Each structure stands twice: as C-alpha cells, then as structure tokens.
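User: I am new to this structure. Please take a close look at the annotated site and its surroundings, and walk me through what is there.

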Amino acid sequence: MKLDELKLQTKYLDSVDSKFYQLLDATALDNAFLISYNKKLCDEIGLDYNECETNEFINFLNGKKVLEGSKPYSMVYAGHQFGHFVPQLGDGRAINLGSIGKWHLQTKGSGLTNYSRQGDGRAVLRSSIREYIISEAMHALNIPTTRALAIIGSGHNVYRNPFQAEKGAVVLRASDSWIRIGTFEYFARSKDAKQNITALADFVILENYKHLKDDENKYEKFFYELVDKTALLLAKWQTYGFMHGVMNTDNMSVFGVTIDYGPFSFMDYFDKHCICNDTDIEGRYSYNNQPYIAKWNLFVLADCLSIIADFEKLKNYLETFFSQHEREYLELMNKRLGLDITLSGDKNIDLIIRLLKALESSEIDYNLFFYKLSQLENLDDFSSILDNCIYPLVMKEWLQEYKQVLLLDPRTQNQRCESMQKVNPKYIIKNYMLEEAIQKAQEDDFTLVNDLLNIAQNPFDEHKDFQRYAKATPKEFANLKLSCSS
Ligand code: AMP
Ligand code: MG
C-alpha cells in the first residue's frame with residue numbers, strides 16, 4: 001500500500017467521552033530528516049516500504065501530513081508512580097494518529113499536549129533510538145511488545161540539562177493497544193465513573209478481546225485474560241533477564257505487552273537484586289521484584305474494574321498469578337536449558353534454582369551462558385562456558401549436575417542443541433551497544449542504528465562484522481543503572 005492509501009480509524013474518539021482526550025495537531029520538529037525505518041513492520045502493516053524514503057513519510061511522522069481518517073488525539077490517564085497515586089498524567093508528548101488493522105499508530109515526541117505538565121512534549125534522540133531498537137529486539141525474542149515503524153531526527157534543540165542542547169526526535173510507534181492500567185484509574189475516578197469505565201472496558205474488549213464481546217461476564221474475563229497474559233509476559237522478561245525499570249501503572253498495558261521503554265536493560269551478569277533505573281533507590285522495580293509489582297499493578301486494575309465487575313472473583317483469579325507465572329517461567333527456562341520436563345520433572349526446579357546461584361557466583365554474562373550452552377558439542381568439555389566465568393567453581397559443579405539430568409534424555413546432544421538454539425540468541429541488545437549507536441548518531445552517523453536494528457531483528461543469525469557484540473558486556477558497562485531522563 002502507498003502511504004496515501006492507509007486509511008486510519010479513530011474508534012476511541014467515538015467510544016469514550018470527549019473529556020478523556022484532546023484533539024490536537026502535532027507541533028512539527030524543525031528540519032526533520034529520516035533516520036531509519038523498519039521494513040519488517042512495514043510488511044506487517046501492509047505499507048510499501050519504499051514510501052518511507054519519501055518526504056511525505058517524514059511529514060507524516062512530523063505531524064505535517066495527516067492521513068485520511070486520522071484525527072490526531074492525546075489521551076488522559078492517571079497512574080501509580082513508584083507506589084504513589086498521581087491523579088492526572090496522560091500522553092504528554094505522544095499523539096495518536098488512529099489505527100490500521102490491529103495497529104494503533106502513535107508518534108512520540110510530537111510537542112505539547114494538555115497532559116504535558118512540566119514537560120516539553122519532546123523526546124531526545126538517545127531515548128528514541130533506544131525505544132526504536134529495543135522494541136524490535138523484544139519482538140524478535142517473542143516477548144510481547146509495542147513496536148516501532150520509523151524514527152526521524154531534527155535540528156530542534158531540546159534541553160534535558162539546562163547547559164546542554166540535545167536534538168529532538170520522533171518515533172512512530174505501533175501497538176495493539178495504548179491503553180494502560182492508569183487509563184482505567186483515571187476513568188474510575190471520574191464523574192459518572194460507571195458509565196465511563198464501561199465505555200473504556202467495552203472499547204478495550206472490542207479492540208483486543210473481541211471474542212468476549214457478547215459474554216455475560218466479559219469484564220471479569222477480560223481481567224482474567226490480562227492476568228494470564230501478564231504472568232506470561234513477566235515469565236519472558238525474567239527468563240531473558242529483561243528489566244523494564246519503571247513499572248508504574250501508567251506504563252502497564254491492558255493488552256499485556258511491554259510498553260514505554262525508559263531506563264530498561266537486559267541484565268549483563270545475573271544479580272537477582274539488579275536495579276536498572278538510577279532513581280529507583282529502594283529497588284521497587286528491581287529484577288526480582290518485577291513479578292510482584294506486576295501483580296500489584298493488576299490489583300490496582302481489579303480495584304477500578306470493581307465498579308462494573310465482581311471484585312471477589314477478580315481478586316480470586318489474581319491469586320493464580322504466581323502459579324501461572326512460575327509455570328511459564330519454568331517452561332521457558334527448561335527450553336533454554338534443553339531440559340525435557342516430562343523426563344526429569346521436579347528435579348528441574350532444583351536444578352534451575354541452583355543454576356541461578358551458580359550464575360550469580362560465577363559472574364558469567366547471563367544470556368551468553370545460555371548461548372554457549374546451546375552450542376556445546378559434547379558434555380565432556382565445558383570450557384567454552386567456564387572460560388567465561390570470573391569465578392568458575394560453583395558453575396563447574398552445576399554443569400556436572402546438569403550433565404546427570406541430561407542422561408535421562410534420549411535425544412542426542414545435537415538434537416537438543418538444535419531446539420535450544422531456537423530460544424538462545426547469539427545477540428542480545430545491551431545498553432552499551434545502544435550507547436555506541438547513540439554516540440555515532442549524535443555525530444550524524446546513523447549506520448550503527450540501522451545495523452543494530454538488523455541485529456535486534458535477527459538475533460539468532462550470524463552477523464560477521466559484529467562478533468564483538470556476541471561476547472560478554474565489557475565489565476565497565478555491566479549492570480549499570482540508567483537515568484530516567486528521556
Ligand atoms: P514516563 O515515566 O516516561 O512513562 O512518563 C510519565 C508521564 O510524564 C507521562 O504522562 C508522560 O506523558 C509524561 N512525560 C514524560 N516526558 C515528557 C515530556 N518530555 N513532555 C511531556 N510529558 C512528558
Ligand atoms: Mg509512560
């Protein structure tokens with residue numbers, strides 16, 4: 001499809017009261033130019049990717065070109081930030097353009113809205129590059145996420161520090177949904193809350209849970225399905241060592257996808273107390289806390305939905321969160337380790353618990369460990385793993401235990417590795433790689449942005465020129481905390 005053939009729909013505007021959104025135009029960036037576009041997502045959306053090379057496409061991202069059917073709007077929401085309720089947040093710099101098929105398109109960094117509060121409505125180049133690349137990396141790992149279609153840069157000065165100008169950028173994001181738990185929190189506190197929450201829940205069901213639309217318990221069932229989805233999402237985050245960094249309720253999707261990338265990180269070496277956000281002093285959003293916080297956030301949603309659904313039922317279902325989460329986490333870990341659960345059953349749980357201790361004490365790069373394990377040709381030589389351990393002793397013992405469990409498995413090592421290689425990528429996008437791409441981009445060299453996008457989208461493939469990224473994160477960059485500033 002040509003750009004002009006994309007016909008957008010804005011059903012949200014017809015579904016909820018106008019006090020929950022603002023119709024507005026983006027404030028264009030000065031001297032905007034294209035940095036990168038995502039051919040894979042173009043294909044999924046049905047957009048001819050040659051269109052992305054046109055000026056019209058830049059204008060589309062920059063808000064100067066409004067597609068047929070589009071009525072740009074920003075949404076209001078509320079949220080619990082670090083556990084504290086904030087009555088009004090919203091799309092302070094994001095503008096929704098409408099949807100095509102299942103894709104709801106949104107630009108981030110498009111200028112002031114009614115919900116900008118003290119912000120400037122802008123996004124800086126570095127955070128835009130981070131979001132653009134990581135959302136594709138998550139998708140390639142089969143972790144539910146929002147996506148990113150393209151990124152434009154500009155000559156527009158943006159200040160996150162009063163003494164240092166940075167350049168503004170816009171990312172065009174695409175998602176099944178941009179509704180957050182925080183959206184429900186805002187609606188739940190509105191006048192005529194019942195009517196408003198009903199409208200919002202019906203919108204979400206029609207967009208994302210259509211099979212429930214005629215169910216007499218549709219609101220309860222929507223919640224149950226979200227609990228399932230979130231338990232699985234968190235299992236995937238934990239399995240790959242992904243940390244979101246700011247799991248406020250306004251950053252939690254009601255479709256169970258990873259949303260709003262800020263100071264995220266793929267853990268370098270395993271540390272269950274790892275914190276990736278430098279403002280998170282108490283570690284509320286530390287690696288180990290993530291599933292607890294997800295459940296806490298879902299409880300906040302249950303409270304909002306209690307206006308239209310049976311709260312006891314919601315609460316009872318929420319109690320299944322951890323058993324589901326653990327089951328899925330174990331299943332994924334078993335896959336990464338090449339363990340057949342039907343053969344060794346409960347033994348695997350102990351083995352995994354001991355693995356986490358071995359990983360922690362050996363200080364091997366977390367995802368590199370799994371990659372090396374999936375490449376082992378024979379079980380008598382673990383040097384490729386042990387050589388990557390700073391303190392190998394505990395890992396050495398663990399590998400012997402692992403070998404014993406594998407003896408129960410009739411598959412050959414080759415067969416086992418083949419299945420492990422499907423879930424253990426050679427490349428994981430780490431913050432230091434993004435930082436390299438950002439530094440080059442600050443000097444107007446965007447080749448590494450595009451190269452990293454390619455690696456992010458094809459993490460299981462060989463990338464001959466980037467063998468250095470298949471190694472452990474250099475120690476000086478490992479498990480660093482990042483600032484929230486974006
Ligand atoms: P976040 O923690 O990035 O998810 O953002 C929390 C809230 O601050 C949301 O309501 C955002 O829309 C808003 N926000 C963040 N950065 C900006 C900005 N530069 N300008 C306006 N609003 C912003
Ligand atoms: Mg946010």
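Analyst: A word on the annotation comes before the site. UniProt positions are given here in the numbering used for this model, and such annotations may be inferred rather than shown by experiment. The model itself is predicted.

Now the site. The unreviewed UniProt entry carries the annotation "active site", and that annotation covers Asp250. Asp250 sits in a loop. Strand S11 (242-243) and strand S12 (265-266) are the strands on either side of that loop.

Is Asp250 buried or exposed? Its relative accessible area is 5%. Buried means under 20%, so Asp250 counts as buried.

What does Asp250 touch, apart from neighbours within four places in sequence? Its contacts include Tyr77, Ala78, Gly79, His80 and Gln81. Leu89, Arg180 and Gly182 are also in contact with Asp250.

The magnesium ion (ligand 2) has Asn251 (OD1) and Asp260 (OD) as its protein donors. They lie 2.1 Å from the ion. Both Asn251 and Asp260 are buried.

Another buried part is strand S5, residues 94-100. Of its 7 residues, 7 are buried, so S5 is largely enclosed by the rest of the structure. S5 runs antiparallel to strand S6 (residues 103-108), and 6 bridges join the two. One of the pairings is Gly98 with Leu105 in S6. S5 and S6 form a hairpin with 2 residues between the strands. In that hairpin, Gly101 takes a positive phi near 60°.

How values were computed
Residues are numbered from 1 along each chain as its sequence is written. Chains are lettered from A and ligands numbered from 1 in the order in which they are written. This is a predicted model: local features need pLDDT of at least 70, side-chain atom pairs count only at pLDDT 80 or more; totals for chains, interfaces and linings use all residues. Side-chain values use heavy atoms; hydrogens and water are left out. Donors are N, O and S atoms within 2.8 Å of the metal (3.2 Å for Na, K and Ca); water is not among the atoms, so sites may look incomplete. Buried means under 20% relative accessible area, exposed over 50%, partly exposed in between (1.4 Å probe, protein chains only). Helices (H or I, at least four residues) and strands (E, at least two) are DSSP runs, numbered from the N terminus. Contact means heavy atoms within 4.5 Å. Two strands pair if DSSP finds at least two bridges between them.
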